[in-house]
Amino acid sequence: MGSAQITFNATKFVEITACNETVVLPCFPNNLEPKSLGDLYVKWKFKGKDIFIYEGNKDQAAVVNSNFSSAQIAISELLKGVASLKMKKSDAVLGNYTCEVTELSREGETIVELRYRAVSWFSPKENILIIIFPILAILLSWGQFGIVTLKYTSNRTNEKTILMFVTGLILTIIVIVGAILFVPGEYSVKNASGLGLITIPTVVLILLQCCAFMTAFGMTFFAIAILILQVLGFVLAVVGLSLCISECTPVQGPLLISGLGIIALAELLGLVYMKFVASNQKTIQPPRKAVEEPLNAFKESKGMMNEE
């Protein structure tokens, strides 16, 4: 029957990642000459202990170790020289697996190592852009807040500026926490939550920029155009997020990044516009009447006291 030893197309190792749902350990005996399945006997072992057995003469396949309950082989493929073991990722334990194949009086074995390989959810460049764009947008928003605080200082705007400051501070903290959860890492609930905290709160930047425009000089045509651009960016970012967050290997990362980039661009345009307008305006001071009336009343009361 040819060679007394069964040989294999050897595979030294198999790598799995967080994206794997199933694991396939290859076993390809390449010089089998069986006439029927009854001539074959296949055994899979993990660290020397049996986990799966197929007995061709009985046409029975059985999982020997309950820790590998999902293990199976494609019986119909055995005659083609395929004895690969398939199991769920949850059952797969890292280490060396041995595939033993016996054909009548001939036998042979091959060892396959199962390894784990950490893979980033997004590419390194995408990770950087996803974090940089929201942080840049927030910094530009703080720049707008600075202009409002320093240039437009009337009593009328004090409450608004305080509210903007508190809102901006909360937004900054949320995005920083999101960035910490998001990078570095593979696809997981933690990373998906971090991406959500980075993306969704950017809607607050639209409200802050709108408030800054209203406080400074009102809604001009150019201000409205900037806000529309920012809303468009947010919509793109949210759509990209919804498409990426459920995928272990995201393919819509560029859409998400484009949305975040547009948000940052809108913040930059808003800052430049506010700076340009502010440079052509005088600083708003408290109304003179509001200062003079209490002063006059004080003078009158002092005069009356002197007469008495």
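This is a predicted model: local features need pLDDT of at least 70, side-chain atom pairs count only at pLDDT 80 or more; totals for chains, interfaces and linings use all residues.
Local features need pLDDT of at least 70 and side-chain atom pairs 80 or more, while totals for chains, interfaces and linings use all residues. Residues are numbered from 1 along each chain as its sequence is written, and side-chain values use heavy atoms, without hydrogens and water.

Two disulfides (cysteine sulfur atoms within 2.5 Å) are found in the whole structure. In one, the sulfur atoms of Cys-19 and Cys-248 are 1.9 Å apart. The S-S torsion of Cys-19 and Cys-248 is about -85°, so this disulfide is left-handed. Cys-19 counts as partly exposed at 34% relative accessibility, whereas Cys-248 is buried at 17%; buried means under 20% relative accessible area, exposed over 50% and partly exposed in between, with a 1.4 Å probe and protein chains only.

The sulfur atoms of Cys-27 and Cys-99 are 2.0 Å apart in another disulfide. That link is left-handed too, with -70° about the S-S bond, and both Cys-27 and Cys-99 are buried. In sequence order of the bonded cysteines, the pairing is 1-4, 2-3. Cys-211 is in no disulfide, and the nearest cysteine sulfur, that of Cys-210, lies 7.3 Å away.

Helices α4 (residues 203–216) and α5 (residues 221–244) pack at about 175°, with axes 10 Å apart; helices are DSSP runs of H or I, at least four residues, numbered from the N terminus. Therefore α4 is roughly antiparallel to α5 (angles over 145 degrees). Contact (heavy atoms within 4.5 Å) involves, among others, Cys-210 and Phe-213 of α4 and Val-231 and Phe-234 of α5.

Definitions and conventions. Axes are lines fitted to C-alpha atoms, for helices over the stretch in contact, and angles run from 0 to 180 degrees between N-to-C directions. Helices (H or I, at least four residues) and strands (E, at least two) are DSSP runs, numbered from the N terminus. Angles under 35 degrees count as roughly parallel, over 145 as roughly antiparallel, 65 to 115 as roughly perpendicular and the rest as oblique.
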